[in-house]
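Look through the sequence and the model below.

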2 protein chains.
Amino acid sequence: MSVKYEVLYESKETNARLGKLYTEHGVVETPVFMPVGTLATVKTMSPEELKSIGTEIILSNTYHLHLRPGEDIVKEAGGLHKFMNWDKPILTDSGGFQVFSLADLRDISEEGVAFRSHIDGSRLFMTPEKATEIQMALGSDIAMCFDICPPYPSTYQDTEEATRITTLWAERCKRRHEHQYQSLFGIVQGGAYEDLRKKSVEELAELDFPGYGIGGLSVGEPKEVMYEVLEYTVPVMPRGKPRYLMGVGSPDCLLEGIKRGVDMFDCVLPTRIARNGTCMTSIGKVVVRNASYARDWNPIDPNCECYTCKNYSRAYIRHLIKTNEILGLRLTTIHNLHFLISLMHEARKAIKEERLNSFIKEFYESYQD
Amino acid sequence: MSVKYEVLYESKETNARLGKLYTEHGVVETPVFMPVGTLATVKTMSPEELKSIGTEIILSNTYHLHLRPGEDIVKEAGGLHKFMNWDKPILTDSGGFQVFSLADLRDISEEGVAFRSHIDGSRLFMTPEKATEIQMALGSDIAMCFDICPPYPSTYQDTEEATRITTLWAERCKRRHEHQYQSLFGIVQGGAYEDLRKKSVEELAELDFPGYGIGGLSVGEPKEVMYEVLEYTVPVMPRGKPRYLMGVGSPDCLLEGIKRGVDMFDCVLPTRIARNGTCMTSIGKVVVRNASYARDWNPIDPNCECYTCKNYSRAYIRHLIKTNEILGLRLTTIHNLHFLISLMHEARKAIKEERLNSFIKEFYESYQD
C-alpha cells in the first residue's frame, strides 16, 4: 500500500495538529521526530535500542547509500529494511541537500547535477530520475523528490530559478516513480520569499503528492526567519497531507514548528552533538565532557527515564567520552534521541489537551540553550 | 567475603578441571574467559550485552584507571562495579604488564618502577604497595600482585632477577593488602626456564595466596614454548587454588591451556580484532571487512546463535565496518566474545563428559587460523 495520512485533531489555540501516517511498515503518530540513519544505521544505535526509546520512523540518505554500499547491494539484500534489520518505516531523502552541501565541484543544469563524490572524488551525475530510481531500489516507505536547496541568504533571482527547477524536477521524479508500497513526497522551496514559497506550494500541490517536505530551511538563516517562512507557507499547504520540515532538530525549533502546523522533522543534531559529549536535557544543554562533571554522580538529566539516566552518572559518561570509549557515545546518543522523542510525545499530549502554548512556555522557562 | 575456589571435577584423560569461584558479586564457573574492560568498559559493549552472551566476570586495568579517571573518582563512585554499572565479578590486573609494555622511560629498582604516563608524559612511580592500594580503592573482587613481566626471549640472569623481585613484591603487596571482600592473587613468573618457574611457584605458594596468575606468557614466544611452560608449571601449582593464564585469548591457546589445567584466561584479542573487522568463527577467522563479503548474505558464522549472527549479514557488517560505523564494531565484538565464551561453555561440558581431547581434535579440524 502507499502511505496514507489521517489528520486526527486540529488544535484550536495554534496551527498544530495530530495525525497518523500509515505505511507498509507500520503506523506513525505525528508530530514525529525521525532519527537520522545516514548510512543505514543510526550512528551508535541498534534497532532494538531505537525501538526502546520510542522511535517510530527513521530517515536514511540516498546520496550516502548510493556511494556506499551502492543501492544495488541494498536491493539485493531485499531492501533497506532487511539490510539494516529495521522493520519500521523509513524515509529516504533524495540526496539533493547532500549533493549541494557535501559533494565537490558541482555543476547544476536543468538536466541534473554533475559533482564529485566526497568519498573518492569520482565524477557522478545525478538527475531527478536517477535519485528516484535509487530510492526505489532502496525500498524506503517514503521517497523524496530531488530538489535544489539554495543557501541562505540567496538573491530573489537565484531562489526563483532554484524553485522553478525544483518544480520541474518534481514532475520528472513523479513521472519516473513507480513502486509497490513506496510513496513519493514533493519538496517546497522558495527560500525566505513569501511569493516564491506560495508559488512552490501551488505548483507542487497540483502534482498531488501524498506528502510535502519544506526544504531550504535550517540552512543558516536566523530562527525568526524560519518561523516566519513557516507562518506563511504551512497554512497554504494541502491540509490532508503530512508536512515535513527537513533538517530541523533543536528542541525549540521542533516546538515552534509543531505550533505552526508541521507534522514531521528530522535532524542529525541530537546524534551528532551526543558524539561530541553534549546532551539535550530538561534544563538545557549539558556538556558532559566538561571537567565540572568529573565527580558529578547525578544522571545527565535528573528528570529523565532513559536507560542512560537510570543507570549511569555524569562522571562515568564524562570518563567514557574523555577516553574515546564507544559506550560513552552510545549512552549520550540514547539520551538525546530519547529526549527529543519524549518531547514529541509530550507535545502530542499537549495538543490533544489544548495546552500547547503553555507547554511551550514552560519548556522555555526551564530550557536554556 | 574473600574469594573462595572449589574444584568440582578433575579430568581423567587430561589435566583439565572444572571449578567454581565464589565472590562477593557472584559465582563463576571455570574454566572461564574474562573479557577485558580496560577503562571500566568492555569496548563497545553495554553491561546487559555482556550478560546476554554469558559473561560471568570481566577484567579491568589498574594502570589505565589510575591515569584516567583516577582511583579516587572510582572510589567516590562507590567502587568500580557501581561506577560502570556492572554487578558481577571484576578482576583487576596490577598494572605491572602495562607499565612494562605501554609506559615510556621506565626505570626499575627493587623499590618500584619510575615511568612516564603514555597519556600525558607525566612522571609516575609505581610500587607494589601503590598498585595494591589503587586496586583496593577500585574495589575489584580479585586484585593481582604487582610483578615484573620480562619479554621473550630474556636471558636466564635477567629472568632470575625479575622472578626474585616479583616474589619480594608479592610479599609487599600481601602485607599492604586489606579489604572487606577483595582477594589478592600472586603471579608466577620465571620465563621459559623450568627451574625458575618452579622456584616462583614454591615461593608464592608459601605466601598462600587464594589464587595464582601465570604471567610472562603470550609475550612473543612460540605457542609450543607456552604449552611447554604450562606443562611443567601448572602441575606444581597449588591444586585447590584457581590458576589464571594472563593475557591469553586465541581459541587454540584457550583449549590447550584448559587441557593443561588452567582455570581462567583474559585477553584483548577478541575485542581488538573485532574492531578491526576480524571475526573468530567455528571455521576459523572471517575477515568480514574484505571485499569478498560485499554481497555475502550469510551470517558471520553459520553455526552461531549470537545476536549478530541471528540478525545481520556479512554484507551489512562489512558495509558498517568499511564506513566506520560504530554498530559494526558492536556487532563484531558481540560475536567474538560470544564465540569465546561459548567455546569455554562447550569445553566445560567436554571435560565433564571426559571427551576434551576429542573436542579439541574436532575443533582443530574445522578451525583454520
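What follows begins with the scores and then turns to chain B and to the cysteines.

This is a predicted model, in which local features need pLDDT of at least 70, side-chain atom pairs count only at pLDDT 80 or more, and totals for chains, interfaces and linings use all residues. Residues are numbered from 1 along each chain as its sequence is written, chains are lettered from A and ligands numbered from 1 in the order in which they are written, and side-chain values use heavy atoms, with hydrogens and water left out.

Chain A has a mean pLDDT (the predictor's confidence in each residue, from 0 to 100) of 96, and 100% of its residues reach 70 or more. For the complex, the predictor gives an ipTM of 0.98 and a pTM of 0.98.

In chain B, strand β15 covers residues 278-281; strands here are DSSP runs of E with at least two residues, numbered from the N terminus. In a regular strand, side chains alternate between the two faces of the sheet. On one side of β15(B) lie B:T278 and B:M280, on the other B:C279 and B:T281, and all are buried, meaning under 20% relative accessible area with a 1.4 Å probe, protein chains only.

With a disulfide defined as a pair of cysteine sulfur atoms within 2.5 Å, the count over all chains is 0. The sulfur of A:C304 is too far for a bond because the closest cysteine sulfur, in A:C306, is 3.6 Å away. B:C173 is also in no disulfide, the nearest cysteine sulfur being that of B:C145 at 4.3 Å. A:C304 is buried at 10% relative accessible area, and B:C173 is buried at 0%.

Key: Buried < 20%, exposed > 50% of the residue type's maximum accessible area, 1.4 Å probe, protein only. Helix = DSSP H or I, 4+ residues; strand = E, 2+ residues; numbered from the N terminus.
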